[in-house]
Amino acid sequence: MHLRLLRCALGFAACTWGVSIVGVFLSWSAASEALQGLGAQAIGYDRMLDYWFRMASGAFGLMGCWYLVLMIWPQRFHTVIPWFGGLMWVEGVILLVHGLRLSLPPFPFYADTSACLVGGGAILYLSRYAKPELLKRVVPGIR
């Protein structure tokens, strides 16, 4: 049961981070429209902003890939799962501090911050259930 919940939390993280990979492939006008839909002001084209947008989209998307790997093979990678839970939780704190500092509107600030704090906290709490030796004690008959 706990391992299933951990997999759900890791899958949630994979989706929330992984969705960013779409930004790598969008045209600048589509990316700018998407950002405006999330609350940004109109953004004129700038080569460096285009580059940084692709860099951030790629990095976040690749993070999603790692959470997917952890979801599929939690016992194989049980030692790094707490690190990824902590990373997500720390990102939530960063978003919270700067979202409040900037007086951002609720959408998407609350969703991003909550996803990181709750998802990261769940991964941190449930990470101990990925240890193969613990699973053998909890579920009799597991080898």
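**View 1. Ser127 sits in the loop between helix 6 and helix 7 (132-138).** Helices (H or I, at least four residues) are DSSP runs numbered from the N terminus. The model is predicted: local features need pLDDT of at least 70, side-chain atom pairs count only at pLDDT 80 or more, and totals for chains, interfaces and linings use all residues. Residues are numbered from 1 along each chain as its sequence is written, and side-chain values use heavy atoms, without hydrogens or water. Is Ser127 buried or exposed? Ser127 is buried, because its relative accessible area is 8% (buried is under 20%, exposed over 50%, partly exposed in between; 1.4 Å probe, protein chains only). A polar atom of the Ser127 side chain lies 3.0 Å from the backbone oxygen of Leu124. Ser127 also touches Leu6, Ile81 and Pro82, with residues up to four places away in sequence not counted. Contact here means heavy atoms within 4.5 Å.

**View 2. The largest nonpolar core has 18 residues.** Such a core is a set of buried Ala, Val, Leu, Ile, Met, Phe, Trp, Tyr and Cys residues joined through side-chain atoms within 4.5 Å. Leu6, Leu10, Tyr67, Ile81, Met88 and Ile123 have the most contacts inside the core. Helix 1 (2-18), helix 4 (47-72), helix 5 (81-101) and helix 6 (106-126) each supply at least two of the core residues. Which helix gives the most? Helix 1 does, with seven residues.

**View 3. Tyr67 and its contacts.** Residues up to four places away in sequence are not counted. Tyr67 touches Leu10, Ala13, Ala14 and Trp17, among others. Its contacts also include Phe84, Leu87, Met88 and Ile123.

**View 4. Ser57 lies in helix 4.** Ser57 counts as buried because its relative accessibility is 5%. Leaving aside neighbours within four places in sequence, Ser57 is in contact with Ser20, Ile21, Gly23 and Val24. Ser57 and Tyr129 are 72 residues apart in sequence. Their C-alpha atoms are 31 Å apart in space.

**View 5. Arg54 forms a salt bridge with Asp50.** The closest N and O atoms are 2.7 Å apart. A salt bridge is a side-chain nitrogen of Lys or Arg within 4 Å of a carboxyl oxygen of Asp or Glu. A search of the whole structure finds one. Arg54 and Asp50 are about one helical turn apart, because they are four residues apart in helix 4. Both Arg54 and Asp50 are buried.

**View 6. A nonpolar patch on the surface holds Trp89, Val90, Val93, Ile94, Val97 and Leu124.** Together they have about 470 Å² of accessible area (Shrake-Rupley method, 1.4 Å probe; for residues, only the protein chains shown count as cover). Patch residues have over 30% relative accessible area and no salt bridge; nonpolar side chains (Val, Leu, Ile, Met, Phe, Trp, Tyr) are joined within 5 Å. Helix 5 supplies the largest share, five residues. Ile94 lies in helix 5. Ile94 is partly exposed, because its relative accessible area is 40%.

View 7. A strand would be a DSSP run of E, at least two residues. The C-alpha atoms fill a box of roughly 60 × 30 × 20 Å along the principal axes. Of the 143 residues, 33% count as buried. Among contacts between residues at least 6 apart in sequence, 74% join residues at least 24 apart. The protein exposes about 9200 Å², and carbon and sulfur atoms supply 70% of it.

How values were computed: A polar contact is a pair of N or O atoms within 3.5 Å; within protein, one must be able to donate a hydrogen and the other to accept it, and residues adjacent in sequence count only if both atoms are side-chain atoms. Patches are made of residues with over 30% relative accessible area and no salt bridge: like charges are joined within 9 Å, nonpolar side chains (Val, Leu, Ile, Met, Phe, Trp, Tyr) within 5 Å.
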